[in-house]
Amino acid sequence: MTAASALPQTLVDRFGRRVSYVRLSVTDRCDFRCVYCMSEDMTFLPRSEILSLEELAAVGQAFAELGVDKIRITGGEPLVRHNVIELFETLGALDGLKELTLTTNGSQLDRMAVPLRRAGVRRINISLDSLDPERFRNITRVGNLNKVLAGIDAACEAGFERIKINTVAMKNRNDDEILPLVDFVVARGMDISFIEEMPLGEIDDHDRAEVYMSSDEVAEVIRQRHELVPTTETTGGPSRYFRIPETGTRVGFISPHSHNFCESCNRVRVTTEGRLLLCLGQEHSVDLREILREQPGDMLALKRAIVDSMAIKPRGHDFNLQAKPVIFRHMSVTGG
Ligand code: SAM
Ligand code: SF4
């Protein structure tokens with residue numbers, strides 16, 4: 001038995017990196033099938049294998065008590081999880097948590113934006129790769145652009161402090177929409193981050209190396225029309241930010257390939273089946289579900305397992321687009 005007093009107040013790994021940010025995946029299911037994220041035909045986890053809302057809340061509480069001050073809810077599509085608002089309400093009331101946030105595909109936001117805001121969510125990220133309805137459908141395979149745009153409008157009206165669009169930049173897929181997407185966010189006072197595609201899970205739609213577009217290439221396109229002023233601002237995530245002068249917009253770049261962000265990594269992930277993943281691009285993990293189910297209510301055991309996991313957090317990922325994927329988990333399982 002470990003005394004509560006023997007537990008540290010903060011999480012620090014063996015490379016001296018302080019872990020203050022957790023991404024919690026609340027479902028592996030999704031109403032879209034984005035080409036870079038999923039294969040067309042996905043098998044989802046049986047319900048008994050995924051954490052209940054109470055178990056997810058316990059995980060959130062354990063991390064908050066260990067000094068984590070930011071939790072991002074993700075998935076799959078988090079807003080398709082039944083009663084997920086209850087989880088936002090519970091987590092939103094945790095002591096010590098400075099920020100509860102969300103990454104969503106926007107499909108449910110028209111009805112969920114207001115309840116989310118009321119539950120204490122101040123900032124959200126919405127994924128959007130195209131403003132063309134047909135192309136949007138092709139990239140998401142099933143998504144309806146108008147529904148997502150209505151969701152973005154609802155989020156703007158619900159009074160979130162910041163809304164950020166996430167766009168996976170892909171050559172010959174949406175590279176001609178970089179400037180229209182920037183115009184779209186500037187007109188609404190939102191931010192945007194462009195993401196380099198990561199080799200997570202087998203996909204059948206395209207060769208990832210062929211569509212790869214580096215953040216520098218995206219920035220070059222934006223500079224044709226806008227000045228990008230570097231800023232040291234951070235939102236606690238891996239984005240490097242620039243400001244577009246005379247607008248309220250920040251442009252971020254998430255560049256796992258061209259500007260490795262591992263050195264300053266401050267986060268871990270918990271998959272929907274309760275696997276604590278120490279790195280997005282490696283398999284080092286700890287099974288929190290086993291503890292939750294074998295020792296229900298034992299917060300000390302849960303926290304001890306989280307503290308001990310710091311000893312196996314790897315130095316970094318080694319993504320390689322040319323090689324066959326070494327990480328077989330899809331992003332929807334990992335929690336993006
Ligand atoms: N369903 C929600 C959404 O799409 O926003 C949340 C989960 S999704 C996995 C989180 C983010 O990961 C999205 O912005 C998505 O574009 C991104 N993503 C998914 N697969 C990716 C990949 N292979 N490489 C880079 N980003 C990816
Ligand atoms: Fe679903 Fe998000 Fe993956 Fe698209 S990126 S398939 S919306 S989980």
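This is a predicted model: local features need pLDDT of at least 70, side-chain atom pairs count only at pLDDT 80 or more; totals for chains, interfaces and linings use all residues.
Local features need pLDDT of at least 70, side-chain atom pairs count only at pLDDT 80 or more, and totals for chains, interfaces and linings use all residues. Residues are numbered from 1 along each chain as its sequence is written, and side-chain values use heavy atoms, without hydrogens and water.

Start with helix 8, residues 215-223. Helices here are DSSP runs of H or I with at least four residues, and strands are E runs of at least two, numbered from the N terminus. Which residues of helix 8 are buried? They are Ser215, Val218, Ala219, Val221 and Ile222. Buried means under 20% relative accessible area (1.4 Å probe, protein chains only). Seen down the helix axis, these residues fall within an arc of 155°, so they line one face of helix 8. The arc is taken from the directions from the axis to the C-beta atoms. An α-helix has 3.6 residues a turn, so residues three or four places apart point the same way.

What does that face pack against? The buried residues of helix 8 pack against helix 6 (178-188), strand 8 (191-195), strand 10 (240-243) and strand 11 (250-254). Contact means heavy atoms within 4.5 Å.

Now turn to ligand 1. A backbone N or O atom of Gly76 lies 3.0 Å from a nitrogen atom of ligand 1. A polar backbone atom of Thr104 is 3.2 Å from a ligand oxygen. Arg208 uses its side chain: a polar atom there lies 3.3 Å from a ligand nitrogen. Polar contacts are pairs of N or O atoms within 3.5 Å.

Conventions: Chains are lettered from A and ligands numbered from 1 in the order in which they are written. Buried means under 20% relative accessible area, exposed over 50%, partly exposed in between (1.4 Å probe, protein chains only). A polar contact is a pair of N or O atoms within 3.5 Å; within protein, one must be able to donate a hydrogen and the other to accept it, and residues adjacent in sequence count only if both atoms are side-chain atoms.
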